[in-house]
2 protein chains.
Amino acid sequence: MTPIERALREAEAAAARGEVPVGAVVTDASGAVLAAAGNEVEARNDPTAHAEILALREAARRLGSPRLPGCTLTVTLEPCPMCAQAASFFRVKRIVFGAYDPKGGGIEHGARVLAAPSCHHAPEVVGGLRESECAALLRAFFAARR
Amino acid sequence: MTPIERALREAEAAAARGEVPVGAVVTDASGAVLAAAGNEVEARNDPTAHAEILALREAARRLGSPRLPGCTLTVTLEPCPMCAQAASFFRVKRIVFGAYDPKGGGIEHGARVLAAPSCHHAPEVVGGLRESECAALLRAFFAARR
């Protein structure tokens with residue numbers, strides 16, 4: 001299973017729990033999965049419990065280090081400004097995401113956190129991987145709630 | 001003790017623990033302190049453990065709600081993009097900060113997260129409260145490390 005496939009599984013599991021379906025995976029330089037998480041905002045009553053934050057923290061715990069050099073964060077949705085900045089703080093090498101998020105995204109949209117001249121560490125970014133599947137999960141989730 | 005005085009105490013306590021001296025307090029609409037925290041990045045090995053994030057989470061836990069309407073986040077240093085976005089997600093009414101942070105700040109500097117048109121909730125912002133004391137704490141901390 002590729003990282004984005006694993007992230008999609010996490011997103012599906014999040015949807016099944018009533019969470020906005022976003023999933024994230026952190027892999028090391030060899031491609032091994034260090035951590036995977038889905039959104040837990042509702043379960044934790046915590047708007048900072050985005051999949052990315054949970055996966056980054058867990059990966060750092062596993063490595064015993066607050067820095068994740070050489071690691072890739074793969075996530076089904078373009079990270080928001082909070083998560084983009086967190087990924088920078090964790091010093092990930094690369095961010096790969098699925099669906100673009102014109103409303104809430106903070107990398108290719110909105111505050112474009114990583115493009116600010118004061119951003120000390122800007123990971124490489126690849127957007128649009130398995131975009132249609134990632135976006136379809138979100139669309140189905142919100143359509144069912146309306 | 002005013003909220004910024006309490007935040008300064010938290011920042012001093014953080015410095016004594018070897019943490020970058022930043023402190024944060026969340027008060028409710030009546031001015032009662034819901035939560036106070038200092039930076040715990042080193043202690044937790046977690047670059048997301050900024051004082052603001054810890055205080056916001058704790059306030060939400062106390063209220064049993066992920067939203068903190070009517071509340072004020074008071075912090076000794078201009079929040080970074082991650083913390084500015086988190087404060088928006090928690091729906092605080094106001095952010096009051098002490099020292100400006102041209103290098104790492106994300107409100108008046110850098111990504112200016114709350115000014116992005118896609119920012120759904122932009123708290124009121126007051127910067128520069130007890131600015132010189134807040135900045136002096138940081139200067140002394142970094143001077144001692146050089």
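**Annotated sites and a helix crossing**

Colleague: At its relative accessibility, does H50(A) count as buried or exposed?
Modeller: The relative accessibility of H50(A) is 16%. Buried means under 20% relative accessible area, exposed over 50%, and partly exposed in between, with a 1.4 Å probe and protein chains only. H50(A) therefore counts as buried.

Colleague: What kind of model is this?
Modeller: Residues are numbered from 1 along each chain as its sequence is written, chains are lettered from A and ligands numbered from 1 in written order, and side-chain values use heavy atoms, leaving out hydrogens and water. Local features need pLDDT of at least 70, side-chain atom pairs count only at pLDDT 80 or more, and totals for chains, interfaces and linings use all residues, because this is a predicted model.

Colleague: Which residues does the UniProt annotation "binding site" cover, and what is their largest C-alpha distance?
Modeller: The unreviewed entry covers H50(A), C80(A) and C83(A). They are spread over 34 residues of sequence, yet cluster in space, with a largest C-alpha distance of 9.3 Å. UniProt positions use the numbering here, feature names are shortened, and annotations may be inferred rather than shown by experiment. So the annotation itself names H50(A), C80(A) and C83(A), and the distance is 9.3 Å.

Colleague: Which residue of chain B is in contact with H50(A)?
Modeller: H50(A) sits in the loop between α2 (41-44) and α3 of chain A. Helices (H or I, at least four residues) and strands (E, at least two) are DSSP runs, numbered from the N terminus. Contact means heavy atoms within 4.5 Å. Leaving aside neighbours within four places in sequence, H50(A) is in contact with N39(A), V41(A), C80(A), M82(A), C83(A) and, from chain B, F89(B).

Colleague: Which residues of chain B are in contact with C80(A)?
Modeller: C80(A) is in the loop between β3 (72-77) and α4 of chain A. It is buried, at 8% relative accessibility. Beyond four places in sequence, its contacts include H50(A) and E52(A), and from chain B, Q85(B) and F89(B).

Colleague: What is the relative accessible area of the "active site" residue E52(A)?
Modeller: UniProt lists E52(A) under that name in an unreviewed entry. E52(A) lies in helix α3 (residues 51-63) of chain A. Not counting residues up to four places away, its contacts include C80(A) and C83(A). E52(A) is buried, because its relative accessible area is 4%.

Colleague: How are α4(A) and α4(B) oriented to each other?
Modeller: The axes of helix α4 (residues 81-89) of chain A and α4(B) come within 8 Å and cross at roughly 150°. Axes are lines fitted to C-alpha atoms, for helices over the stretch in contact, and angles run from 0 to 180 degrees between N-to-C directions. Under 35 degrees counts as roughly parallel, over 145 as roughly antiparallel, 65 to 115 as roughly perpendicular and the rest as oblique. So α4(A) and α4(B) are roughly antiparallel.

Colleague: Which residues of α4(B) make that contact?
Modeller: From α4(A) come P81(A), M82(A), Q85(A), A86(A) and F89(A). From α4(B) come P81(B), M82(B), Q85(B), A86(B) and F89(B).

Colleague: Which residues of chain B does Q85(A) touch?
Modeller: Q85(A) is in helix α4 of chain A. At 8% relative accessibility, Q85(A) counts as buried. Beyond four places in sequence, Q85(A) touches V113(A) and, in chain B, C80(B), P81(B) and M82(B).
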